[in-house]
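Student: Could you take me on a close look at one part of this model, the place where protein and DNA meet? I'd like one connected walk through it, please.

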2 protein chains.
Amino acid sequence: MAEDRPRTRIQEKNRAAILEAALDVFSQSGFRGSTLDQIAKAAGLSKPNVLYYFPSKEAIHQALLAELMDVWLEPLRAFTDEGDPIGAILDYVCRKLHMSRKMPRESRLFANEVLQGAPRYGPQITGMLKDLVDEKAAIIRRWSDAGKIAPLDPYHLIFSIWATTQHYADFDVQVRGILHPKDDAHYDDAETFLTAFYRRALNPANTEG
Amino acid sequence: MAEDRPRTRIQEKNRAAILEAALDVFSQSGFRGSTLDQIAKAAGLSKPNVLYYFPSKEAIHQALLAELMDVWLEPLRAFTDEGDPIGAILDYVCRKLHMSRKMPRESRLFANEVLQGAPRYGPQITGMLKDLVDEKAAIIRRWSDAGKIAPLDPYHLIFSIWATTQHYADFDVQVRGILHPKDDAHYDDAETFLTAFYRRALNPANTEG
DNA sequence: ATTATGTTGGACCAAATGGTTGAATCCCGG
DNA sequence: CCGGGATTCAACCATTTGGTCCAACATAAT
């Protein structure tokens with residue numbers, strides 16, 4: 001059940017190298033589209049050596065997902081009802097966008113997994129994620145009930161934040177194909193857009209026209 | 001180069017059955033995760049028979065993508081500068097959402113393709129898609145320049161529409177895991193949310209607070 | 001009926017792939 | 001420097017998979 005932590009320096013280094021390589025490969029080709037040879041090569045190890053550190057391809061994927069789950073959900077966990085409601089939501093938007101910018105592979109890893117029906121981590125994701133989302137949605141609902149933000153469905157608001165921010169990582173080639181940005185420049189524009197966009201939509205003084 | 005249209009009734013029927021089956025399989029498992037056996041079985045044919053109608057797995061995928069491209073881009077093509085600007089944008093949002101609802105497999109097919117770097121259709125998508133988006137973005141820019149809608153980057157606005165609407169198809173399991181909707185019920189809520197959301201964000205009389 | 005053409009799938013093949021074996025090599029504590 | 005555990009990988013294995021062959025079968029025109 002519980003993962004034994006690596007003992008030696010070598011184990012630590014190689015486990016890390018394998019997970020790093022696997023993140024590259026899995027995020028680019030999905031689980032079934034990735035091969036142990038690709039991962040081994042990317043990690044600079046032989047295939048049997050990779051399987052010396054992990055019992056199977058499946059296990060590598062599992063370990064990756066488990067290891068990244070916490071960091072992936074951190075922005076949502078950090079979302080609290082302290083301070084300015086709109087500021088808190090904008091902050092969450094910016095954090096999520098920042099994660100897409102700095103961790104696009106992780107975004108695509110999860111996107112691949114969910115796209116294909118979350119066959120490997122579905123229950124866990126759905127279970128703990130649902131609880132977390134329920135909790136944060138309740139906060140948002142209180143804000144809109146109190147008139148501090150516009151009256152919008154909190155669940156769909158959260159979905160919209162996930163969608164708009166992760167889009168820049170998951171559909172990277174499409175975004176780049178259309179904008180032809182220099183490196184990451186378009187992320188700054190995205191932040192400007194999303195900030196203005198959510199500010200307008202959430203401002204309780206605004207109307208639907 | 002040009003695809004010969006099927007000649008006989010049998011060809012038409014079997015080609016259609018294969019493409020339908022392939023849509024099921026590819027959209028669920030991605031290109032590399034799908035096998036000819038799965039497609040053949042889903043189509044009710046033998047594997048050699050499938051390859052009698054299409055020269056390769058690659059060709060099936062190609063044909064699917066090509067066949068669906070038009071219908072997939074139809075809502076964006078239908079987006080014109082006639083009538084009420086905000087109405088036109090909301091209309092586009094609703095059409096896209098409707099497509100996610102009624103054609104989730106198609107959405108996931110394209111999502112899979114783009115997620116993995118659009119290795120098979122990248123150039124075409126990017127080329128014609130970019131032109132189309134440039135054209136529609138220009139329309140939106142004119143509107144915001146004229147003060148008819150809020151001043152927001154038109155490209156990122158379009159991305160946000162793609163992201164928020166396709167999210168319901170592409171991340172279906174996650175959405176369902178969190179909302180536990182009866183069938184498609186949550187799509188109605190999504191439409192309510194997105195309509196109000198975009199109305200508020202686009203209303204030029206509104207401020208960012 | 002006969003012939004030519006279109007359709008079908010069982011058997012097969014070569015390559016790719018997840019995983020195993022075992023012997024060689026490295027590394028560290030004593 | 002020695003011994004035993006940790007590490008490494010060439011060779012190998014079984015299965016899967018994209019694709020081919022070919023003989024049988026259906027169909028339609030003459």
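Tutor: Let's start with DNA strand C: of its atoms within 4 Å of the protein, 55% belong to sugar or phosphate, and the rest to bases. Keep in mind that this is a predicted model, so treat each distance as computed from the prediction.

Sorted by class, the surface near DNA strand C has seven nonpolar, eight polar and three charged residues.

Now zoom in on some single contacts. A:Ser34 uses a backbone N or O atom, which lies 3.2 Å from a phosphate oxygen of DNA strand C. A:Lys47 goes for a base instead: an N or O atom in its side chain is 3.0 Å from a base nitrogen of DNA strand C. From the other chain, B:Asn14 places a polar side-chain atom 2.9 Å from a phosphate oxygen of DNA strand C. As for whole elements, those giving two or more residues to this surface are H3 of chain A, together with helix H1 (9-33) and H3 of chain B.

Next, hop over to DNA strand D. Sugar and phosphate make up 55% of the atoms of DNA strand D that come within 4 Å of the protein. The surface near DNA strand D splits into seven nonpolar, eight polar and three charged residues.

An N or O atom in the side chain of A:Gln11 is 2.8 Å from a phosphate oxygen of DNA strand D. For A:Asn14, a polar side-chain atom lies 3.0 Å from a phosphate oxygen of DNA strand D, and for A:Ser46 the distance is 3.3 Å. The elements that give two or more residues here are helix H1 (9-33) and helix H3 (47-53) of chain A, together with helix H3 (47-53) of chain B.

Finally, how do the two protein chains relate?

Conventions
Residues are numbered from 1 along each chain as its sequence is written. Chains are lettered from A and ligands numbered from 1 in the order in which they are written. This is a predicted model: local features need pLDDT of at least 70, side-chain atom pairs count only at pLDDT 80 or more; totals for chains, interfaces and linings use all residues. Side-chain values use heavy atoms; hydrogens and water are left out. A residue is near a molecule or strand if one of its heavy atoms lies within 4 Å of it. A polar contact is a pair of N or O atoms within 3.5 Å; within protein, one must be able to donate a hydrogen and the other to accept it, and residues adjacent in sequence count only if both atoms are side-chain atoms. Helices (H or I, at least four residues) and strands (E, at least two) are DSSP runs, numbered from the N terminus. Ala, Val, Leu, Ile, Met, Phe, Trp, Tyr, Cys and Pro count as nonpolar, Asp, Glu, Lys and Arg as charged, and the others, Gly among them, as polar.
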